[in-house]
Amino acid sequence: MRRRALIAGGTGLVIGGAVWSLKPSARGNGGHNTYFTQLNGLMKKEGDGRPTMLIDLDALDHNIQVTLAELGSRSLRIVAKSLPSIPLLNYVSQASGSHRLMAFHEPFIGQMGAPETDVLLGKPMPVTAAAKYYARPQRHLFDASKQLQWLIDTPERLAQYAALAETNNLPLNLNIEIDVGLHRGGVSDPNVLRSMLATIQAHTNLRFTGLMGYDPHVAKMPDAFDGRADEFNNVQTIYADMLAVTKEIDHTGLTLNAAGSPTYQLWNEVNGLANELSVGSGLVKPLDFDIPTLANHKPALFIATPVLKTSPGVRIPGFDALGKIQGAWDPNRDRTFFVYGGYWKAAPVSPEGLVLNELFGRSTNQEMLNGSSDVVLGVDDYVFYRPTQSEFTMLQFGEILGVRGGRIESRWAPFSWA
């Protein structure tokens, strides 16, 4: 009996020790660091007391210069969905010297129109969207016959656009999407591409303007056993095979587009394939783009939102005991903060140590955050988040503030769906 008791007691200690090892440790080391302290002071002094999207212009400038250095002689295609604001796009265009944009939504095309702009669609549009564009009265501000390339991915869509061109006597520039390994659509058979080129050449209102191959999956390949390098070699081989189909076409002026923020630094300038690379999110580097291929880029995009309420511990409506259990188990539940807004595609980054409370639930109105006693944060202070992505999140806040050196330098409107 004594031996069994000893064994049971020892087993209990082992299990108890294992469970105790899972107990969270307190996070947080005070308040904001120097960088976010400056932003907190700026927002408390000059902010509008509501959730606000911020762009660090110094970090943005850094990312633009890094991108240009990596591109070398190739052109930059600025991905507009990732920077959804005309003034912001103008800023990047001026700083980079590029007037090439990639559009993803028909209502935004006309907003990008300028005498020097070249727009390539980043995804194939239903022909009804193209027809809608040509019916918009503001399209005269933008010479689509010279400045706009529609993306075509199948012979069926090509036939639809050919009918649109014939019915309305519209000159259409057509760029063909090729599947370089992402398998999200696009032409994968060189013979199909050859047939599509013949169809375009048979229509006087259609003009072939190039190829587009998108390869973000490469950045997600494991480095082990050369997985990433092998897949990228496969991407380039496919691109080269498709490009060879166009060998009888004069390549002067063709748009040979490739890459994206996750992979643009992998493309070799001397391989003679793509003459332009697309970059968008990498210029502001949201959280999902903290990846090895963008290690030399800086985070430039933040959400700032004020703290509305604070209280000790955690209280779960109707289940106070659960809140007490949470607090007893996890020191990062010592305090509760309710912020203005929430439930964004974003994660809190300053002050360090703030955590969401899934037991209480998410809220787009007043979201609960918890923190340890080490987190220094009071009512009217600001919490700073990093968005996980930019394209949708940046459209949720109205004005976008460009900040530099502790001051607000710009106030930019996002795209309008009108």
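**Note on aromatic contacts**

1. The charged end of K81 sits over the ring of F104, 5.2 Å from its centre. To sit over a ring, NZ of Lys or CZ of Arg must be within 6 Å of the ring centre and within 35 degrees of the ring normal.

2. This is a predicted model: local features need pLDDT of at least 70, side-chain atom pairs count only at pLDDT 80 or more, and totals for chains, interfaces and linings use all residues. Residues are numbered from 1 along each chain as its sequence is written, and side-chain values use heavy atoms, leaving out hydrogens and water.

3. Rings of Phe, Tyr and Trp (its six-membered ring) pair if their centres lie within 6.5 Å; planes under 30 degrees apart are stacked, over 60 edge-to-face, the rest tilted. The count comes to 15 aromatic pairs. One of them joins Y35 and F36 edge-to-face, with 5.0 Å between centres and 90 degrees between planes.

4. Is F36 buried or exposed? F36 is buried, because its relative accessibility is 9%. Y35, at 31%, is partly exposed. Buried means under 20% relative accessible area, exposed over 50%, partly exposed in between (1.4 Å probe, protein chains only).

5. Y35 also pairs with F302; this pair is tilted, at 6.0 Å and 55 degrees. Y35 lies in helix α2 (residues 34-46) and F302 in strand β10 (residues 301-312), so the pair ties together parts 267 residues apart in sequence. Helices (H or I, at least four residues) and strands (E, at least two) are DSSP runs, numbered from the N terminus. F302 is buried at 5%.

6. Y35, F36, F302 and F384 form one aromatic cluster.
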